[in-house]
Amino acid sequence: MPAAAENMTINGERLWDALMDMAQIGPGVAGGNNRQTLTDEDAAGRALFQSWCEAAGMTMGVDEMGTMFATRPGTDPDALPVYIGSHLDTQPTGGKYDGVLGVLAGLEVVRTLNDLDIKTKHPIVVTNWTNEEGTRFAPAMLASGVFAGVLDQDWAYARTDAKGLTFGEELKRIGWKGSEKVGARKMHAFFELHIEQGPILEAEGKDIGVVTHGQGLRWIECTVTGKGQHTGSTPMYMRRNAGRALARVTELVHEIAMRHQPNAVGAIGHIDVYPNSRNIIPEKIVFTVDFRSHILEVIETMVAELNARAPAVCAEVGVKFKAEVVGFFDPPAFDETLVARVRDAAARLGYSHMDIVSGAGHDACWINRLYPTTMIMTPCVDGLSHNEAEEISPGWATAGANVLFHAVVETAEIVE
């Protein structure tokens with residue numbers, strides 16, 4: 001990077017204002033956000049983002065999965081773009097920063113370049129990936145997975161939510177099904193800024209996480225089937241209680257993950273109980289096991305052990321067990337050149353930093369399969385995320401965006 005550019009910084013107040021303005025769309029009930037993918041709130045957030053991008057002189061493209069690509073042109077028409085992105089959709093009880101920080105920090109990079117009248121050889125594209133969260137339509141990182149060629153587009157369109165609505169139908173309904181072929185775009189590099197969603201950076205007193213690897217994961221959708229009977233009149237010894245099987249599998253999942261410490265985590269998250277009545281013994285329960293590790297062999301071993309042991313655990317209480325992997329990606333190792341560029345930018349700007357493994361899945365994990373990719377992380381208070389109480393400081397947001405700015409500009413190459 002030219003010496004004159006070494007002290008450039010983004011406008012932290014403007015970035016924070018954008019975060020707060022976006023948080024007004026789809027407010028939660030406890031200070032966070034409920035802007036689930038392909039809802040009216042998601043559509044409104046997209047429209048606001050588009051208006052900001054166009055005001056910054058960018059042109060908007062949208063692909064057939066609804067992913068948004070806002071482009072600032074470069075000086076070389078043959079140079080591949082540098083992409084920056086994350087997601088604007090949230091959990092049902094989500095925070096104001098998960099994903100959103102990465103998208104709006106990308107916008108701030110462009111705004112700062114405009115302020116300083118800096119041109120880059122490579123175009124810069126700010127991206128909002130559709131359905132990163134995967135809460136309404138499983139699996140997570142759906143659009144980036146189709147972009148990377150690991151998920152089928154028709155299969156993605158057929159994903160259903162709890163009301164039976166399909167992804168494809170809802171994408172059309174909110175008016176964000178674009179015409180671009182998914183995956184047609186080529187990238188020079190991809191950067192994603194994200195809050196850590198864990199407690200390590202704050203506990204270590206570090207401003208920046210230099211992400212070297214991501215955890216892989218498997219989401220296993222499990223169904224335990226017993227018999228729905230009256231809770232008052234069915235003798236205990238005659239019950240086939242799916243709830244009891246769920247409890248046993250919950251302990252089994254914990255046991256499996258603990259056996260592979262310190263390189264693994266596992267838990268049961270999403271649970272649907274049928275018929276979900278106070279006076280009926282649960283007949284069927286559908287739940288998702290989430291196993292993660294940055295070591296592929298560990299993930300595969302945990303899944304195999306669950307499949308081997310859970311049927312017998314359930315049979316002991318008279319309940320049947322079946323399972324299907326509904327979400328997956330293998331552990332990525334991020335591009336060493338880009339990782340070094342992030343590390344050098346943090347050091348040059350005087351921010352404390354450390355190497356870190358991402359404990360969560362991100363769109364960058366899929367894009368890493370195709371193009372040079374890396375991530376930057378900022379701390380979050382108490383490591384809390386996927387919660388309306390999720391919080392970061394303006395200083396953390398500014399630090400992350402400054403490191404992003406320098407790494408991106410160095411990659412996109414300033415034109416003197």
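**Entry 1: H2 against H3**

I looked up the handedness of the H2–H3 crossing in this predicted model: the crossing is left-handed (the near helix is turned anticlockwise from the far one by less than a right angle; clockwise would be right-handed). I took helices as DSSP runs of H or I with at least four residues, and strands as E runs of at least two, numbered from the N terminus. H2 covers residues 40-55 and H3 covers residues 100-115. They pack at an angle of about 15°, with axes 10 Å apart. That makes H2 roughly parallel to H3 (under 35 degrees; over 145 is roughly antiparallel, 65 to 115 roughly perpendicular, the rest oblique). Axes are lines fitted to C-alpha atoms, for helices over the stretch in contact, and angles run from 0 to 180 degrees between N-to-C directions.

Next I listed the contact (heavy atoms within 4.5 Å). H2 brings Phe49, Trp52 and Cys53. H3 brings Val103, Leu104, Leu107 and Arg111. I sorted these residues into six nonpolar, no polar and one charged.

**Entry 2: ground rules**

I number residues from 1 along each chain as its sequence is written, and side-chain values use heavy atoms, with hydrogens and water left out. The model is predicted, and local features need pLDDT of at least 70, side-chain atom pairs count only at pLDDT 80 or more, and totals for chains, interfaces and linings use all residues.

I placed Asp98 in the loop between strand S3 (82-86) and H3. Asp98 is buried at 5% relative accessible area (buried is under 20%, exposed over 50%, partly exposed in between, with a 1.4 Å probe and protein chains only). Leaving aside neighbours within four places in sequence, its contacts include His87, His194, Glu133 and His386.

Glu133 sits in the loop between strand S5 (124-128) and helix H4 (142-147). Glu133 is buried too, at 6%.

I found His386 in the loop between strand S13 (373-378) and helix H12 (394-412). His386 is partly exposed, at 38% relative accessibility. Beyond four places in sequence, His386 touches Gln91, Thr93, Asp98, Glu133 and Gln197.

Notes. Nonpolar A, V, L, I, M, F, W, Y, C, P; charged D, E, K, R; others polar.
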